[in-house]
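Hi,

Here is the structure I promised to pass on. Have a look at it first, and my notes on what turned up follow below.

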Amino acid sequence: MLRSIVRRTSTTGAYLTRRGFASESAPDRKVAILGAAGGIGQPLSLLMKLNPLVSQLSLYDIAGTPGVAADVSHINTRSQVSGFAGDEQLGQALEGADVVIIPAGVPRKPGMTRDDLFNINAGIVKSLCTAIAKYCPHALVNMISNPVNSTVPIAAEVFKKAGTYDEKRLFGVTTLDVVRAKTFYAGKAKVNVADVIVPVVGGHAGITILPLFSQATPKANLGDEEIEALTKRTQDGGTEVVEAKAGKGSATLSMAYAGAIFADACLKGLNGVPDVVECSFVQSTVTDLPFFASKVRLGKNGVEEVLGLGPLSDFEKQGLEALKPELKSSIEKGIKFANDN
Ligand SMILES: NC(=O)c1ccc[n+]([C@@H]2O[C@H](COP(=O)([O-])OP(=O)(O)OC[C@H]3O[C@@H](n4cnc5c(N)ncnc54)[C@H](O)[C@@H]3O)[C@@H](O)[C@H]2O)c1
Ligand SMILES: O=C(O)C[C@H](O)C(=O)O
């Protein structure tokens, strides 16, 4: 009976009734956002408040979250919103969370690399992950804070030390690379952007971002130079925004969108929706590197399957070999930091 009036939408993953309201049958899910008062955190809080799969939305930052939470809480959607500020409230913010999204930390200014953020963000991520291990060790962790190529290995080491590490539950969010690759490809190939699928593999910084345009659909007859330009633009997408913002930070709105897409996919997987596949930077055996971004099938326990790369063009094969040394050293830097500090 319930089945006949409830449908799952493929675009939002929402459980909707015929009238479009969130169904009571969607299980309760708590989502916590750490860094919720920031440039990404605020629009991401808004987008997660709009997601009918969320029943409890917990907004944490060092300051400013009571205001963000009061504001967002007036939106007439399913979730109950709470704001938490300061160290002493972090435990409460995390307790019982199914998904924790982390956009906490400093963003780039023009002229900086993501690795230049390491000194500040590594410590922030380490302390937040220590609290996750204590208060919600089974949550799926969506790491947005840069440099993702190092912050994910830091998180893994923190969880290992705490005895809570489960490689199926830790994700570096690389969805913005996919979002950009889709947009830029659609523009060049003159196809409907809503139809475009492009995997992006590797990591999340410069040349470690490797879009696989040879696998893009709908197919288009783009020449080598066009593919090279699209690849470079995708790799430099973050820098394009940093420069345009001229000192006022990096991508926030497109990142909030991408973060909301990825968190929604995690929630769908937890809820048992089949065939939920997104690219993410995860523990991996796809290459000889311990962490690598590729397509991942999401399920009730997080990562259900890390999918392989599929056939690569010669240009992509070269890109794959070229990215490995940088990605390896960023991973090692994260592991070393977590073990030395
Ligand atoms: N993965 C990606 O694709 C991607 C995309 C864009 C930005 N980022 C990264 O996301 C991070 C945040 O970017 P932003 O533009 O939102 O920055 P922001 O400075 O606007 O916001 C960061 C927020 O984190 C908070 N914060 C700092 N320390 C904290 C702590 N210990 N606990 C909780 N919150 C804390 C700050 O108070 C602030 O509100 C940066 O590291 C940026 O490089 C990643
Ligand atoms: O570029 C940045 O510093 C932020 C983020 O990683 C992005 O890709 O936009």
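This is a predicted model: local features need pLDDT of at least 70, side-chain atom pairs count only at pLDDT 80 or more; totals for chains, interfaces and linings use all residues.

**What I found**

Let me start with ligand 1: the residues of its shell divide into 17 nonpolar, 12 polar and two charged.

Residues are numbered from 1 along each chain as its sequence is written, while chains are lettered from A and ligands numbered from 1 in the order in which they are written.

**The two ligands**

Ligand 1 is surrounded by 31 residues, and the closest are Gly 35, Gly 38, Gly 39, Ala 104 and Asn 146. A residue counts as near a molecule or strand if its C-beta atom, placed from the backbone, lies within 6 Å of it. Helix H5 (residues 118–135) gives the largest share of that shell, three residues. Helices (H or I, at least four residues) and strands (E, at least two) are DSSP runs, numbered from the N terminus. At least three residues of the shell around ligand 1 come from each of domain 1 (30–174) and domain 2 (175–331); the domain bounds come from an automatic or database domain assignment.

Where does ligand 2 lie? Domain 1 and domain 2 both give residues to its shell, so ligand 2 lies between them. Among the residues around ligand 2 are Pro 107, Arg 108, Asn 146, Leu 176 and Ser 250. Helix H9 (residues 237–245) supplies the largest share, four residues, and the shell divides into five nonpolar, four polar and two charged.

The centres of domain 1 and domain 2, taken over C-alpha atoms, are separated by 21 Å. Their contact takes 37 residues from domain 1 and 42 residues from domain 2, with two residues in contact if their C-beta atoms, placed from the backbone, lie within 7 Å. On the side of domain 1 that touches domain 2, the largest share, six residues, comes from H6. That side divides into 22 nonpolar, seven polar and eight charged residues.

**Helix pairs**

Two packed helices are described by the angle between their axes and the distance between the axes. Here, axes are lines fitted to C-alpha atoms, for helices over the stretch in contact, and angles run from 0 to 180 degrees between N-to-C directions.

H5 and H6 pack at an angle of about 35°, and their axes are 9 Å apart. Their contact includes Phe 118, Val 125 and Cys 129 in H5, and Ile 154, Val 158 and Phe 159 in H6. The residues there divide into 10 nonpolar, four polar and one charged.

Helix H7 (residues 175–189) and helix H8 (residues 224–235) pack at about 145°, with axes 9 Å apart. Among the residues that meet are Asp 177, Arg 180 and Phe 184 in H7, and Glu 226, Leu 230 and Arg 233 in H8. This contact divides into four nonpolar, one polar and five charged.

**One more residue**

Gly 67 lies in helix H3 (residues 65–73). Gly 67 and Leu 176 are 109 residues apart in sequence and 27 Å apart in space, C-alpha to C-alpha.

Cheers

Terms used
Ala, Val, Leu, Ile, Met, Phe, Trp, Tyr, Cys and Pro count as nonpolar, Asp, Glu, Lys and Arg as charged, and the others, Gly among them, as polar.
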